[in-house]
Number of protein chains: 2
Amino acid sequence: MIKERLDYMPGGKRTIFQRRDVFSYSMDAVLLAKFVQLPSQNGKVIDLCAGNGAVPLMMTLRTKAKIDAVEIQNLLCELAERTMKENGLDEQVNVIGADLLELGPQIKWESYDAVTCNPPYFPVTSEKNKNENVHFSLARHEISCTLDDVIRISSKLVKQKGRVAIVHRPERVVDIFATMKKYRLEPKRLQYVHPKKGKEANMIFVEAVREGNPGVKTLPPWIVYKDEKNYTEEFRNHYEC
Amino acid sequence: MIKERLDYMPGGKRTIFQRRDVFSYSMDAVLLAKFVQLPSQNGKVIDLCAGNGAVPLMMTLRTKAKIDAVEIQNLLCELAERTMKENGLDEQVNVIGADLLELGPQIKWESYDAVTCNPPYFPVTSEKNKNENVHFSLARHEISCTLDDVIRISSKLVKQKGRVAIVHRPERVVDIFATMKKYRLEPKRLQYVHPKKGKEANMIFVEAVREGNPGVKTLPPWIVYKDEKNYTEEFRNHYEC
């Protein structure tokens with residue numbers, strides 16, 4: 001029997017349904033929800049590759065705007081829907097079970113103030129994902145959508161001068177910028193995360209503006225751990241608040 | 001009368017001739033000389049926009065390779081030449097007084113193991129540089145060469161799989177990557193410098209490999225100051241060693 005859990009999100013203000021056999025939220029999702037610049041209330045936000053809904057869930061702490069959450073896996077949609085109900089957020093967050101490559105009349109193009117996405121990070125290879133179950137593969141590897149897909153569709157969803165924020169591996173940053181430029185998204189804010197002082201970055205957050213002017217700001221980086229187990233004080237204050 | 005000074009470089013192992021009426025070396029040059037990966041001895045290195053020679057001067061602490069230094073301003077070339085003599089480095093460092101757009105038989109294309117450049121950072125505008133003297137203007141603004149020029153020529157100078165390292169403003173990173181890709185230089189190593197903890201980055205170092213494979217590492221950033229006047233300990237140990 002599959003054990004389902006109701007977990008607290010960092011900070012303890014939200015709870016989330018999770019199952020061990022499907023992809024659980026990770027630090028990336030929480031940080032993305034804190035990184036993106038959001039409209040305060042009258043706007044519209046959409047989260048792609050939403051998984052079990054961690055990004056929209058955490059964004060509700062920062063905005064009253066309506067949030068659509070698109071996820072291809074039914075099992076994850078179902079968890080996300082129950083999570084929103086459990087938190088009394090089912091009016092604010094609308095879970096859409098759909099392949100983002102086939103988004104149709106349930107969404108309106110060029111209407112969103114902000115688009116967020118925590119996409120699969122790894123190109124498909126014959127080796128890397130063969131031992132994973134399909135739920136993990138879809139979340140981690142570019143099987144159902146590539147970086148180009150995610151950025152192209154984000155650019156179609158967002159308004160003129162609206163924002164698209166993604167989290168990815170820093171190794172891919174050159175590719176991310178080139179793809180954003182290809183779809184008229186201008187990178188404007190960057191933030192790196194380093195697992196420890198003195199270590200290479202292992203996450204990058206990029207926010208782009210549709211038809212924005214060139215010129216990007218690089219925010220102070222986050223350093224996550226001060227030792228094997230404990231967060232640095234700055235990071236804990238950010239992550240758990 | 002113009003006062004000329006013989007200054008110590010950080011760490012005190014090298015001295016440099018400087019004049020107040022021309023552009024003096026800055027932290028960027030010293031950090032670039034420490035950032036780039038250099039051949040140990042049999043290789044060839046070239047520094048573009050060399051100014052009074054700070055980058056080649058500091059690279060001699062890390063390599064025995066021959067270094068060419070290209071600078072368009074005669075006054076700066078003359079300072080650089082005397083600096084190399086003063087430090088007993090005139091055999092290792094060859095100062096070339098030339099416009100890099102007109103490099104001719106004095107150099108050999110596609111022959112360098114590493115190219116370094118600390119180029120003018122700012123696009124030419126009608127406002128910004130009108131109160132500067134011409135020596136400062138040429139060093140700071142893209143008058144004699146643009147970012148595209150610098151990267152195009154670097155790519156022509158470097159060997160297959162050789163390295164091109166530049167320092168620039170982080171605001172321009174999207175443009176830097178796109179231009180490098182255009183000229184078959186693949187960014188492989190990045191490093192940001194933040195003036196203080198909690199502040200946005202104000203320098204970026206990018207090292208690219210000619211015909212390299214995609215995938216970039218983001219090194220731990222440097223945080224320069226711990227308070228108004230003093231370097232952080234990590235930075236001082238790096239900068240002044």
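Among contacts in chain A between residues at least 6 apart in sequence, what percentage join residues at least 24 apart? The share is 68% in this predicted model. Contacts of this kind link parts of chain A that are separated along the sequence by at least 24 positions.

The fold of chain A was examined next. Chain A holds seven helices and 11 strands. Its radius of gyration is 17 Å. The globule rule gives 18 Å for 241 residues, and the two values are close, so chain A is as compact as a globular protein of that length. Along its principal axes, the C-alpha trace of chain A spans about 50 × 50 × 45 Å.

Burial and surface were then computed. Of the 241 residues in chain A, 56% are buried. Here a residue is buried when its relative accessible area is under 20%. Chain A carries 37 positive side chains and 32 negative ones. The centres of these two sets lie 4 Å apart.

Two residues of chain A stand out in their backbone angles. Both A:Cys49 and A:Glu211 have a positive phi, although neither is glycine. For A:Cys49, phi is near 55°. A:Cys49 sits in the loop that runs between strand 3 (44-48) and helix 2 (54-59). For A:Glu211, phi is near 60°. A:Glu211 also belongs to a loop, this one between strand 9 (203-210) and strand 10 (217-218) of chain A. Is A:Glu211 buried or partly exposed? With a relative accessible area of 23%, A:Glu211 is partly exposed. The cut-off for a buried residue is under 20%, so a value of 23% does not count as buried.

The last point is the pairing of the chains. Two copies of a chain are related by a rotation about an axis and a shift along it. In this model, a rotation of 180° superposes chain B on chain A, with 0.0 Å of shift along the axis. The RMSD of this superposition is 0.0 Å. That is the relation of a two-fold axis. Which residue of chain B comes closest to the rotation axis? That residue is B:Ala178, with its C-alpha at 3.3 Å.

Terms used: Residues are numbered from 1 along each chain as its sequence is written. Chains are lettered from A and ligands numbered from 1 in the order in which they are written. This is a predicted model: local features need pLDDT of at least 70, side-chain atom pairs count only at pLDDT 80 or more; totals for chains, interfaces and linings use all residues. Side-chain values use heavy atoms; hydrogens and water are left out. Copies are superposed by least squares on the C-alpha atoms of residues with pLDDT of at least 70 in both. Helices (H or I, at least four residues) and strands (E, at least two) are DSSP runs, numbered from the N terminus. The radius of gyration is taken over C-alpha atoms; the globule rule is 2.2 Å times the number of residues to the power 0.38. Buried means under 20% relative accessible area, exposed over 50%, partly exposed in between (1.4 Å probe, protein chains only). Contact means heavy atoms within 4.5 Å. Lys and Arg count as positive and Asp and Glu as negative; His and the chain ends are not counted. The place of a charge is taken as NZ of Lys, CZ of Arg, CG of Asp or CD of Glu.
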